[in-house]
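Subject: Structure handover

Hello,

Here is the structure I said I would pass on. My notes on it follow below.

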Amino acid sequence: MERSRQRQLWADSLLLLVTLIWGGTFVMVKDAVASYPVFPFLTVRFGLATSVLALVGGKRLARLDRRQVGAGVLVGLFLFAGYAFQTVGLRHTSASNAGFITGLSVVLVPLFSAVLLRRPPAVKSLLGVSFALVGLGLLTLSQYRRVAKGDLLILLCALSFALHIVSVSAFAPHTDPLALTIVQTTTVAVISAVVAFARHPLFWHLPVPWFAASFTGILATAVAFAIQTTMQRFTTPTHTALIFSGEPVFAALFSVLLTQDVMTGRGVAGGVLIVLGTVVSEIHWSDTVAQWVSRFLAPHYVTALLLVVIALADPISLGRGLLWAAGLNLLTVVVPLFIFKRELRRGAISDWHISDRLERLQVFPALALVLGAGIPLFLIIFLEGPRPFLALFSSAFLLIVVEMFITVWWKISGHVSTVALGTTMATAFLGAWASPLMLLIPLVAWARVKVGAHTVMQALAGGLAGLAASLLSLHLYSML
């Protein structure tokens, strides 16, 4: 068992390295094709990849019959279309946009599988597609509701890669995987060469960007495919898909660091939604996942995180905001948890979250909740702290008082209300890029219902209470 875990850890680590390499290729290819024709570049890249793969597994080609070779050529056509659209598109869009839109291929696979392979998509796949499509709209639509030429080409690239994945799923189980890969890369190299000679008959006179071609052809294609083929035997398909979902994130990171690419709030939100769409479509939403979400998105953890996020909205300075966030975390999270721990030890409450409605009305838990918001609110007012924190703790204090009043007769979800309040406030102060945080509201609601901590109505009431408290506070805040 221990050896199996070590193998999976090594496999996941190497697959993460592959994802990092693929993310870095977007900036490299964009720079390369800025001065060198696209199809000659693809010819060199896949020519090098085919040469390396042939040295490793060329003998395996003898195992293929005509039908399998034909299947490899068909799969190679989809691969060629994907890289052709992607490489041309990189001339007309940013590397970060290209990375995120290319990531759509993962969530499009279930749709193509349903049509071509008659495999009905799961609900989670449809939910992932919905997230990704909303993200695509935020990422690509301009104020004139038009999609840029480069983004459209990258979208065609994502469609091509999705067809490539589906076709590999159809043919690979009956074909030697390495031999099939060699046929694919050979197909891409040959077609790229034909198009290159037709469009640029004298391209060999141009200086070849050998570093970019070698890096993408040998490392990002031949070596990466070999690692993927080998390591996927020691990990799960879900792990692989989730790790590969990091490719657009690395692409955006390299783009911002190396090319000074500036992403707008809409762009960040769109990219996050596309990645989330991939993650949502691949996770097995089990009881175990619900327990982890319920545990690690509990109010104290969420509060600590959101205080740091909202500190970014301090109009005076980031340092001032973070200093206030640290102090408020001490009063709001650390002190109440200390009180809860003492009450838990002496048996006054049954669990950390005070699931029992009547336990919430006891003196010490009630005081801890009220003072946990009341004292920071007083200090913010008295010391003239950052106004975003004033609005946040005003709404938090109001929410706690309302929840305590409701608890006399009924119980609403404190988990969901806290997340709803905090994420709404963060989005209001930080803008569109923080809006994906609001997806935590349905996630936490699902988890609390799944683990049996609340009913659907209690989770819904918690979400509405958090939203109402935050909107009322924001309205009052705008009047100050």
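Is Ser 413 buried or exposed? Ser 413 is buried, at a relative accessible area of 0%. Buried here means under 20% relative accessible area, exposed means over 50%, and partly exposed lies in between, using a 1.4 Å probe and protein chains only.

Before the rest, two remarks on the source. This is a predicted model, in which local features need pLDDT of at least 70 and side-chain atom pairs count only at pLDDT 80 or more, while totals for chains, interfaces and linings use all residues. Residues are numbered from 1 along each chain as its sequence is written, and side-chain values use heavy atoms, with hydrogens and water left out.

Ser 413 sits in the loop between helix H17 (387-407) and helix H18 (414-430). Helices are DSSP runs of H or I with at least four residues, numbered from the N terminus. Leaving aside residues up to four places away in sequence, Ser 413 touches Glu 403, Arg 448, His 454, Gln 458, Ala 459 and Gly 462; contact means heavy atoms within 4.5 Å.

Helix H19 covers residues 440-450, and its buried residues are Ile 441, Val 444, Ala 445, Ala 447 and Arg 448. Viewed down the axis of H19, these buried residues fall within an arc of 165°, so they line one face of the helix. The arc is taken from the directions from the helix axis to the C-beta atoms. After H19 comes Gly 452, with a positive phi near 85°.

On helix packing: the axes of H4 (residues 95-102) and H11 (residues 247-259) come within 8 Å and cross at roughly 180°. That makes H4 roughly antiparallel to H11, a term for angles over 145 degrees. Axes are lines fitted to C-alpha atoms over the stretch in contact, with angles from 0 to 180 degrees between N-to-C directions. H4 contributes Ala 95, Ser 96, Gly 99 and Phe 100 to the contact, and H11 contributes Pro 248, Val 249, Ala 251, Ala 252 and Ser 255.

The largest nonpolar core has 44 residues, of which Phe 39, Phe 41, Leu 42, Phe 46 and Leu 104 touch the most other members. Such a core is a set of buried Ala, Val, Leu, Ile, Met, Phe, Trp, Tyr and Cys residues joined through side-chain atoms within 4.5 Å. Apart from it lies another core of 27 residues, including Val 309 and Phe 393.

Regards

Note on methods: Helix = DSSP H or I, 4+ residues; strand = E, 2+ residues; numbered from the N terminus. Parallel < 35°, antiparallel > 145°, perpendicular 65-115°, else oblique.
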